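Subject: Structure handover

Hello,

The structure is below, followed by notes on what was found in it.

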Amino acid sequence: MHIKIGTRGSRLALWQAYYVRDLLLAGGIDSEIVIIETKGDKILDRSLSKIGSKGVFTEELEDQLRSGGIDIAVHSAKDLQSQLDDAFEIIAFTEREKANDVLVSHNTALSLKSGETFVVGTSSTRRIAILKHFYPQIKTVDMRGNLQTRLRKLEEGQCDALLLAYAGVHRMEYDNKIAEHLLLDEFTPAVGQGSVAIECAVTLDESKKAILKVLLNHKETETCLLTERAFLKRLQGGCSIPVFAMATLNEEQIHITGGIVSLDGSELIRKTQTGAKAFPEELGLALADELLEAGADRILQSIRSQNTLA
């Protein structure tokens with residue numbers, strides 16, 4: 001059996017692809033890596049919310065899945081749209097890395113809690129809105145590009161610090177630039193943050209699917225991410241919508257915290273639910289419904305009207 005692994009070409013995306021390749025190799029499966037450029041890689045002069053939230057980093061990979069040019073596509077789970085086309089499925093989630101956001105800077109004495117005003121680079125509507133809510137003294141500047149590009153812009157003085165996912169910083173071995181690990185109860189991460197998702201066409205050979213799932217899927221992470229993704233799907237969240245969720249397992253129970261924050265940071269709604277791990281998607285949907293009843297529907301309507309006018 002030979003598996004063609006599709007991936008974006010950034011250093012972090014390639015790290016993920018080689019990580020998957022090594023897992024396959026450990027199970028005796030030969031593979032090759034196919035690099036594919038996506039819309040999100042090509043358009044760097046606009047924020048993700050202005051490009052459009054659906055398939056920014058996945059559309060071209062899915063085209064290759066559909067045509068059979070690749071067998072699987074490897075994504076950062078947080079980059080996957082909330083609802084896949086019926087032609088595709090996620091067959092595995094790798095074990096989740098620590099999911100926190102981190103503040104990265106050449107000045108590792110920087111802290112959001114210091115009360116000082118400084119400039120943070122980020123292209124995430126979630127991070128910008130949370131900063132406005134908890135740390136209104138912080139100024140932000142849009143910061144697109146792969147991790148190395150962002151660090152170069154930091155070096156050039158375009159900002160004082162970056163807000164990034166710990167997983168990517170750690171995988172690229174930039175831990176020495178972490179100034180602050182941000183608390184999950186403030187900076188609850190994007191859905192799926194820290195895990196690698198494996199996508200395939202539904203038409204992929206069933207024997208391949210079975211082996212890939214055995215070798216690549218981490219069951220506990222899958223349970224958590226199914227919960228989070230059901231939550232995201234109900235809210236129809238994307239990269240232009242500042243929603244967040246984090247699920248954890250405790251024996252037979254799933255504990256999930258999720259929420260939404262208005263674009264100006266003035267309103268943040270956060271809720272928590274616990275349920276049986278046998279029903280992850282039902283729990284995610286229930287949390288989303290509780291959030292909608294608590295006012296998230298109004299915030300979503302406001303955000304979408306602002307995005308339409310932009």
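Tyr 135 is buried, with a relative accessible area of 8%; buried means under 20% relative accessible area, exposed over 50% and partly exposed in between, using a 1.4 Å probe and protein chains only. The model is predicted, so local features need pLDDT of at least 70 and side-chain atom pairs count only at pLDDT 80 or more, while totals for chains, interfaces and linings use all residues. Residues are numbered from 1 along each chain as its sequence is written, and side-chain values use heavy atoms, with hydrogens and water left out.

Aromatic pairs

Rings of Phe, Tyr and Trp (its six-membered ring) pair if their centres lie within 6.5 Å; planes under 30 degrees apart count as stacked, over 60 as edge-to-face and the rest as tilted. The count by this rule is 3 aromatic pairs. In the pair of Trp 15 and Tyr 19, the ring centres are 5.2 Å apart and the planes are at 20°, so the pair is stacked. Both residues lie in helix H1, 4 residues apart, about one turn of the helix. Helices (H or I, at least four residues) and strands (E, at least two) are DSSP runs, numbered from the N terminus. Trp 15 is partly exposed at 30% relative accessibility, and Tyr 19 is partly exposed at 27%. Phe 134 and Tyr 135 make a tilted pair, 6.4 Å centre to centre with 45° between the planes. Phe 134 is partly exposed at 29%. Ring pairs link Phe 134, Tyr 135 and Phe 187 into a cluster.

Nonpolar cores

A nonpolar core is a set of buried Ala, Val, Leu, Ile, Met, Phe, Trp, Tyr and Cys residues joined through side-chain atoms within 4.5 Å. The largest has 33 residues, of which Phe 231, Leu 235, Ile 260 and Leu 291 touch the most other members. Elements giving two or more residues to this core include helix H9 (219-235), strand S12 (253-261) and helix H10 (280-309). H10 supplies the largest share, 8 residues. Apart from this core lies another, of 17 residues, among them Leu 112, Phe 118, Leu 131 and Val 261.

Helix H9

Of the 17 residues of H9, 12 are buried, so the helix is largely enclosed by the rest of the structure. At 1.5 Å times one less than its number of residues, H9 should span 24 Å; its end C-alpha atoms are 25 Å apart, which agrees. Thr 227 is found in this helix and is buried, with a relative accessible area of 0%. Contact means heavy atoms within 4.5 Å; not counting residues up to four places away in sequence, Thr 227 touches Ala 247, Ile 254, Ile 256, Pro 280, Leu 283 and Gly 284. Gln 236 follows H9 and has a positive phi, near 55°.

Strands

An open sheet with mixed pairing is formed by 5 strands in the order S2-S1-S3-S10-S4. Two strands pair if DSSP finds at least two bridges between them. S3 (residues 72-76) and S10 (residues 196-201) run antiparallel and are joined by 4 bridges, with Ala 197 in S10 as the bridge partner of His 75.

Strand S5 (residues 101-104) is covered on both faces: Asp 101 and Leu 103 on one side and Val 102 and Val 104 on the other are all buried. S5 runs antiparallel to S8 (residues 161-165), with 4 bridges, and antiparallel to S9 (residues 178-181), with 3 bridges.

Regards
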